[in-house]
Amino acid sequence: MALLEVEDLSVWFHTRNGVVRAVEQVSFSVDAGETLAIVGESGSGKSVCCYSLLGLVPMPPGRIESGRARFAGRDLLRLAPRQLRAVRGNQIATICQDPMTCLNPFLSLGEQLMEPLLQHRKVSRRAARAQALELLEEVGIADAGRRFGAYPHEFSGGMRQRVMIAMALIAEPKLLIADEPTTALDVTIQAQILRLIAEIQARRNLGVIFVSHDLAVVADIADHILVMQDGRVVERGAPRTLFRDPQHPYTRKLLAASRRGRKAAPPPPQREPVIGIEGLRTWFSAPGGRTVKAVDDVSLTLYRNEILGVVGESGSGKSTLGRSILQLVKPTAGSVRLGGTELTRLNESALRPLRRHLQMIFQDPYASLNPRMSVFDALAEPLRYHRLASRRDVTAQVLALMDDVGLPRSAIRKYPHEFSGGQRQRIAIGRALATRPEVVVADEPVSALDVTIPAQILDLILALVARHNLSLIFISHDLSVVRYLCDRVLVLHRGKAVESGATEELWAAPQAAYTRELLAAAPRLD
Amino acid sequence: MTGDPLAQAERGVSLWRDAWLRLRRNRLAVAGGLMLILLCALALLTPWIAPYDYKAQDLALGAAPPSAAHWLGTDTLGRDLLTHVLWGGRISFAVGFVATAVALAIGVLYGTVAGYVGGRVDAVMMRLVDILYALPFMIFIILLMVIFGRNLVLLFLAIGAVEWLTMARIVRGQVQALKQQEFIEAAVSLGLSRWTIIRRHLIPNTLGPVIVYTTLTIPSVMLLEAFLSFLGLGIQPPASSWGLLISYGAETMEEYPWLLIFPGLALSLTLFSLNFLGDGLRDALDPRIAKD
Amino acid sequence: MLRFILHRLLQAIPVLLVVVTATFFLIRLAPGGPFSADKAVAPEVLHALEARYRLDQPLSAQYLSYLGDLLRGDFGPSFRYPGRSVDEMIFTGLPATAELGLYALLISLLLGTAAGVIAALRPNSAQDYVPMSAAMIGICLPSFLLGPLLILVFGIWLDWLPVSGWGNVPGDKLLPALTLAAGYTAYVARLSRGGMLEVLAQDYIRTARAKGLPEWLVVCKHGLRGGLIPVVAFAGPAFAGLLSGSFVVETIFQIPGLGRFYVQAAFNRDYTMIMGTTIFFAVLIVAFNLLADIAAVWLNPRLRQQYRKPAA
């Protein structure tokens with residue numbers, strides 16, 4: 001008898017613009033001590049599927065159209081709200097993607113931690129507190145007694161997720177629903193949290209439903225994998241068979257996204273330096289008189305037609321490094337030389353004509369495009385401003401740019417909000433190319449995109465670098481992407497360059513301890 | 001392939017069009033907008049459509065309830081109430097629009113400068129706004145009106161001078177939020193000049209909230225004028241405004257309730273229309289809704 | 001926290017100084033003086049009066065001596081009511097005004113928050129539309145219109161409630177309190193609806209539900225704190241406004257409060273009385289803004305931490 005057995009679940013959303021079939025006839029089961037992974041892109045219905053079991057999908061507009069969910073001898077979908085409440089947080093608990101938004105910022109952690117116990121067990125506050133403290137120690141929070149009264153914002157992301165896990169476990173549930181629990185975390189932290197969940201699962205014989213967009217993350221922990229697309233299960237199976245022999249084209253696409261491999265053939269080395277950075281420092285003064293050394297003494301040279309990866313975790317200073325090179329942030333010290341010109345000494349008006357040689361592609365294609373400008377406006381603006389196109393051929397040039405980045409010509413009058421994330425990123429790339437730059441800094445250009453989209457964008461970037469003889473600095477936290485794209489890699493840790501070298505050499509023999517840790521923590525499929 | 005490749009280009013839907021479509025679906029806002037157009041038209045056309053002369057009295061008739069000759073009745077001097085409500089509406093609308101324009105001009109300029117320049121300039125400018133906020137402004141306006149006489153221009157300036165504070169804050173907040181947006185950074189890295197960035201990237205994106213707040217400022221300005229006139233500090237007889245009519249009606253409401261009710265209705269109807277339109281605009285222009 | 005309060009109190013000093021200075025010179029710039037209205041006053045008497053109230057001295061001297069008096073907590077004698085001091089008159093009017101303001105604040109906070117929260121629980125349903133339409137009426141019926149209408153309906157036509165007075169007949173406080181509260185209630189309702197809608201859409205509300213908490217606990221414990229922050233920010237200045245802005249209601253219902261003094265003083269050019277009431281209201285505004293800020297800091301742990309003394 002399975003712990004949870006879901007049959008034929010359908011959840012639709014009845015909105016003003018029609019019916020959205022978020023979940024269509026999904027069936028699965030989970031046993032005690034077993035992990036079921038549900039994998040799919042955003043909008044595939046993987047989260048709705050889980051939350052609808054607990055009545056946590058807003059209804060209306062949501063409605064459960066059909067299905068059964070047997071749990072502990074009862075059908076969850078037919079429980080009265082009161083009975084369902086007695087199951088939530090008690091027998092079935094959830095942890096969510098971003099503990100920052102999922103923990104109440106107005107209540108202390110201790111208070112939130114005790115709540116499920118106080119609600120579902122007849123225990124005194126004192127007993128609840130004792131149990132909560134014990135559990136905090138178990139999930140690896142040192143000095144729990146002192147931190148009991150602290151608020152969520154006083155903890156780091158990883159610590160918050162530990163608290164979240166403790167909160168889910170406190171009433172000793174039988175089933176844990178984990179919705180992308182590591183997506184918001186750095187790789188090294190992600191590895192720790194995954195390990196923690198596995199340990200606890202083994203100790204308590206928990207059934208776990210692990211929702212993720214990344215096959216590589218679930219590869220090691222899942223007993224079964226469910227692949228969902230557009231509300232339907234397109235494929236299911238044990239990880240090993242699924243990875244070895246994927247049946248559905250969508251599964252193959254997902255696999256390809258996680259199994260990116262290495263760069264095809266490195267181009268013949270051209271040792272023509274384009275930009276030279278020497279002893280670059282960018283320091284900020286933080287409240288309390290502290291100094292944040294976001295970038296601390298970094299030197300590098302970028303050669304023509306080369307892709308240099310800059311890798312680091314959040315807070316490593318990789319974004320600041322990119323912006324300092326482009327003089328979007330004024331460096332504190334050091335030099336940035338483009339051709340024969342020292343950029344750090346120029347004032348804004350002297351810099352302006354040079355800016356067209358240095359362009360940037362941003363992470364969030366939603367925020368990096370002016371929502372009130374059409375594709376034509378966005379692409380024509382740099383052409384006109386730098387007089388790269390005459391009045392007559394500006395349309396032709398915009399169309400050429402659109403062809404270049406793979407946008408349909410018919411979309412020229414459309415506005416950013418009418419496009420998907422991947423298409424928007426193409427517009428942003430087109431805008432960066434419009435000024436015919438020599439150097440482009442791409443700051444996590446694919447990390448805001450859905451799983452199967454990055455591959456297309458990365459291939460576009462590779463093609464454009466070759467076609468336009470660009471030099472690219474590619475900033476990313478994702479090691480597999482960097483390996484796929486970059487000729488050389490610079491590893492950044494707390495503002496300092498800890499290691500740099502040719503990509504494959506670095507992967508084969510990482511020198512610095514931090515690089516080794518980073519490479520080991522990255523989830524891998526093979 | 002023949003002809004202009006743009007010929008088959010799909011027509012894009014700009015955010016403005018999008019907002020307009022959303023606004024059109026909001027029945028209350030549409031009703032408010034239509035009512036407002038009607039009221040504005042009445043106010044503009046008053047000199048031609050008012051049924052009686054503004055100064056015409058009929059002492060023999062005195063205060064009479066609504067009738068076929070006087071749709072809204074007459075006051076104690078036998079003056080036609082409809083005529084006076086129409087003329088009063090002219091003044092109320094004029095005050096509403098002019099004072100709001102004053103607030104708009106000062107507020108947007110001040111807010112944009114503070115938000116865009118930032119740093120110490122911003123700190124000083126906003127400090128000043130904070131101080132002004134803490135002043136008992138109502139009292140200052142009353143004082144101004146008492147001391148310098150009931151002057152219409154002064155009334156505009158005084159009300160505008162109070163209302164610009166919130167506008168400045170809203171615009172500054174908006175500009176600050178926009179400045180953090182990556183598309184502004186993108187514009188900087190394209191090498192655009194400051195002025196181009198302000199003109200092409202900042203202002204079009206602050207316009208939404210500014211329009212919304214403007215629509216909501218007009219009713220509060222009209223309210224303020226009515227309030228001052230009610231106290232006898234705003235518009236002076238023989239000129240008329242809704243606040244004055246209400247004040248007069250309140251004195252005689254026991255015997256002649258229509259003298260209170262109809263001017264009150266006119267004021268409330270206008271405020272309703274403006275507020276519903278403003279709310280509708282806010283919902284239509286809210287970028288968070290526009291995202292999905 | 002203490003440092004925060006102290007900091008804010010220090011900031012209040014320039015504000016109050018601006019108020020005092022601006023008012024002082026503004027009223028003296030204006031044509032006409034406190035005694036110019038009485039045509040019958042002989043020149044000698046006028047001189048004597050001016051000398052008595054130091055009006056014959058140069059402006060700067062008057063200003064300085066007034067500041068000196070202020071520092072001792074002395075608002076000076078009223079120009080129009082010989083023998084009565086401004087302090088005395090403020091304190092005779094204050095009880096009625098404060099009581100009225102307090103009732104109105106309580107009504108608006110309780111009723112407004114309840115209506116706003118109820119509306120936010122089921123947006124775009126009848127449960128939302130009914131209270132919010134009522135709130136819109138509250139906003140569009142200003143007190144100087146609502147007051148007379150209430151009197152007309154409940155006082156005259158139905159004859160249920162007394163139409164004026166304060167504390168003379170049972171029930172005579174109800175209409176003025178309702179009149180004064182209406183607009184504020186409507187604002188509070190709209191603010192709390194907006195705040196609650198935003199908070200209820202947060203992920204942590206889903207977490208609270210996922211714990212199996214009953215709905216009332218989800219709303220009251222997890223929702224209200226964040227959802228009411230805009231209301232708290234509004235309540236401070238609003239209460240100051242209730243105390244100073246009630247002169248319409250005081251006039252309509254003939255309540256012996258502070259409001260009437262102010263308007264009279266302005267008409268009479270009663271310099272010290274104008275100064276006194278203006279400063280009094282300015283202090284109120286500053287004080288209630290401070291209280292609202294303290295409440296906001298207390299409600300929001302993130303702000304609280306900011307103002308906590310850094311650990312040594």
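A residue counts as buried under 20% relative accessible area, as exposed over 50%, and as partly exposed in between, with a 1.4 Å probe and protein chains only. This is a predicted model, in which local features need pLDDT of at least 70, side-chain atom pairs count only at pLDDT 80 or more, and totals for chains, interfaces and linings use all residues. Residues are numbered from 1 along each chain as its sequence is written, chains are lettered from A and ligands numbered from 1 in the order in which they are written, and side-chain values use heavy atoms, with hydrogens and water left out.

Start with chain C. Chain C has 14 helices and zero strands. Helices (H or I, at least four residues) and strands (E, at least two) are DSSP runs, numbered from the N terminus. Along the principal axes, the C-alpha atoms of chain C fill a box of roughly 85 × 70 × 30 Å. Of the 312 residues in chain C, 50% are buried. Contact here means heavy atoms within 4.5 Å. Among contacts in chain C with a separation of 6 or more, 73% come from residues 24 or more positions apart.

Now the rings. Rings of Phe, Tyr and Trp (its six-membered ring) pair if their centres lie within 6.5 Å; planes under 30 degrees apart are stacked, over 60 edge-to-face, and the rest tilted. Over all chains, the count comes to 14 aromatic pairs. One of them joins Phe24(C) and Tyr66(C), tilted, at 6.0 Å centre to centre with 40° between the planes. Phe24(C) lies in helix α1 (residues 2-29) of chain C and Tyr66(C) in helix α3 (residues 59-71) of chain C, so the pair ties together parts that are 42 residues apart in sequence. Phe24(C) is buried, at 1% relative accessible area. Tyr66(C) is buried too, at 8%.

Tyr184(C) and Phe234(C) form another tilted pair, 6.4 Å centre to centre and 45° between the planes. This pair links distant parts of the chain: Tyr184(C) is in helix α7 (residues 174-200) of chain C and Phe234(C) in helix α10 (residues 229-244) of chain C, 50 residues apart. Tyr184(C) is partly exposed at 23%, and Phe234(C) is partly exposed at 22%. Elsewhere in chain C, ring pairs link Phe24(C), Phe25(C), Tyr63(C) and Tyr66(C) into a cluster.

Two packed helices are described by the angle between their axes and the distance between the axes. The axes of helix α1 (residues 15-25) of chain B and helix α10 (residues 258-285) of chain B come within 8 Å and cross at roughly 130°. Axes are lines fitted to C-alpha atoms, for helices over the stretch in contact, with angles from 0 to 180 degrees between N-to-C directions. That makes α1(B) oblique to α10(B); under 35 degrees is roughly parallel, over 145 roughly antiparallel, 65 to 115 roughly perpendicular, and the rest oblique. Residues of α1(B) that meet α10(B) include Trp16(B) and Leu23(B).

Chain A supplies charges over rings. A charge sits over a ring if NZ of Lys or CZ of Arg is within 6 Å of the ring centre and within 35 degrees of the ring normal. Lys293(A) lies over the face of Trp283(A), 4.6 Å from the ring centre. Arg413(A) has its charged end over the ring of Phe376(A), 5.7 Å from its centre.
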